[in-house]
Amino acid sequence: MNGETELEHLKSQLSVARNEIKNLRQQIKNLQHTFSKEHQYALKLLNEFSCKDSERTAEIDKKYLADTENATAGDDDVHFKPIGVIRTVFSEKRAVPRQAILASTVVSRIELSPVIFNNPEHSLEGLENFSHFWIIYYFHRHPNHTKAKVAPPRLGGQRVGVFSTRSPHRPCPIGLSLVQLDRIEDSKVYFYGTDMVNGTPVLDIKPYIPQYDIPVKQVEIEFNNSREAPDGEETSVLTSVPSTSKLGPLANVSIPSWVLQTANLNVEFCPLAATQMQELGITQASIVDVLKGDPRSVYLRTKYGSQAYSFGLGDLTVTCRFDDKKATVTVLQIRNDIESETDPS
């Protein structure tokens, strides 16, 4: 009986390996296509600059210098120095939740840099009085391919203006996330809600204040004090964050209908994955949070459909398979990469 179980386990491992090899081959094919396009573009540029006409060459050089000077002048307009870095379980962009609220059970942290302040923990005093706060950060892992229109995953390939989306591919690659405070330890801020890659530079932290951040009718906002709070003194005026019911109904707020078309897949675990999860001593909540919102891009979802999909989660590699017809995703395997590297077997 044990021999049959081991045989089934080996068959399952072989199936996963075959799918991974198939995915790698496709990725290599895609990279070859990208390389071919960039190679052709480079040849085109070389042909332009190899023009024998001296006047044409001088004209190109003049334009190049002008563009360089303009670019340099533009870069000098604004400079930001990160105040710290975000540490998350996502070492790669693959499978990172598209919104912080989609990973509400995943804990991450901000580590403030001692270069900004001599005592960085002093800058966090008072933040513990807020339940939520905004994180402003830099999309350091996204190439600067600025486009006026992008294709949000929920629109199935249809393009809209970049400023009507929250796409990370922006002219100024700045991210903004509303997260829930967990705790503060020295110069580290732990929070729930993660849609950032590990190592993301932090530009600023701001407390979330419903009276200012929710667009409600001014006459329906209830303050605990009749006077307007001076900038930076909100905690001295508001003894507690009021509930949504006190804020009154939203006024003049509308969003496109496709924004609400969120995926809600049923996440299942095969027996092997369930056993591995128990052996590793991990809970399924974080994996479910990542998968139920369908982390696949439009390209992967439409071109490859229900093929195996793998992503990193801290030291773990999770392999799963999507069934788009049944709106289900099944976790096939959970592997600890560190143990796999040190295991001599």
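**Exercise 1. Is tyrosine 208 buried or exposed?**

Solution. Start with the ground rules: this is a predicted model, in which local features need pLDDT of at least 70, side-chain atom pairs count only at pLDDT 80 or more, and totals for chains, interfaces and linings use all residues. Residues are numbered from 1 along each chain as its sequence is written, and side-chain values use heavy atoms, with hydrogens and water left out.

Next, take the scale: buried means under 20% relative accessible area, exposed means over 50%, and partly exposed lies in between (1.4 Å probe, protein chains only). Tyrosine 208 has a relative accessible area of 17%, so tyrosine 208 is buried.

**Exercise 2. Work out how the rings of tryptophan 134 and tyrosine 208 are arranged**.

Solution. First, recall the rule: rings of Phe, Tyr and Trp (its six-membered ring) pair if their centres lie within 6.5 Å; planes under 30 degrees apart are stacked, over 60 edge-to-face, and the rest tilted. This rule gives 5 aromatic pairs. Now apply it: the centres of tryptophan 134 and tyrosine 208 are 6.0 Å apart and the planes are at 65°, so this pair is edge-to-face.

Then find both partners in the chain. Helices (H or I, at least four residues) and strands (E, at least two) are DSSP runs, numbered from the N terminus. Tryptophan 134 belongs to strand β3 (residues 132–138), while tyrosine 208 sits in the loop between β8 (200–207) and α3 (210–213). The pair links distant parts of the chain, 74 residues apart.

Finally, repeat the steps for tyrosine 137 and phenylalanine 139: with centres 5.5 Å apart and planes at 80°, the pair is edge-to-face because of that angle. Tyrosine 137 and phenylalanine 139 are both buried.

**Exercise 3. Find the arginine that lies over the face of phenylalanine 322**.

Solution. Begin with the test: NZ of Lys or CZ of Arg must be within 6 Å of the ring centre and within 35 degrees of the ring normal. Arginine 296 lies over phenylalanine 322, at 3.9 Å from the ring centre. Ring pairs also join Phe322 with Tyr309 and Phe311 in a cluster. For practice, look at tyrosine 190: arginine 183 lies over its face, 3.8 Å from the ring centre.

**Exercise 4. Describe the surroundings of serine 187**.

Solution. Locate serine 187 first, in the loop between β6 (174–185) and β7 (188–192). Its relative accessible area is 16%, so serine 187 is buried. Last, list contacts (heavy atoms within 4.5 Å): leaving out residues up to four places away in sequence, serine 187 touches Ile110, Glu111, Leu112, Pro120, Glu121 and Leu124.
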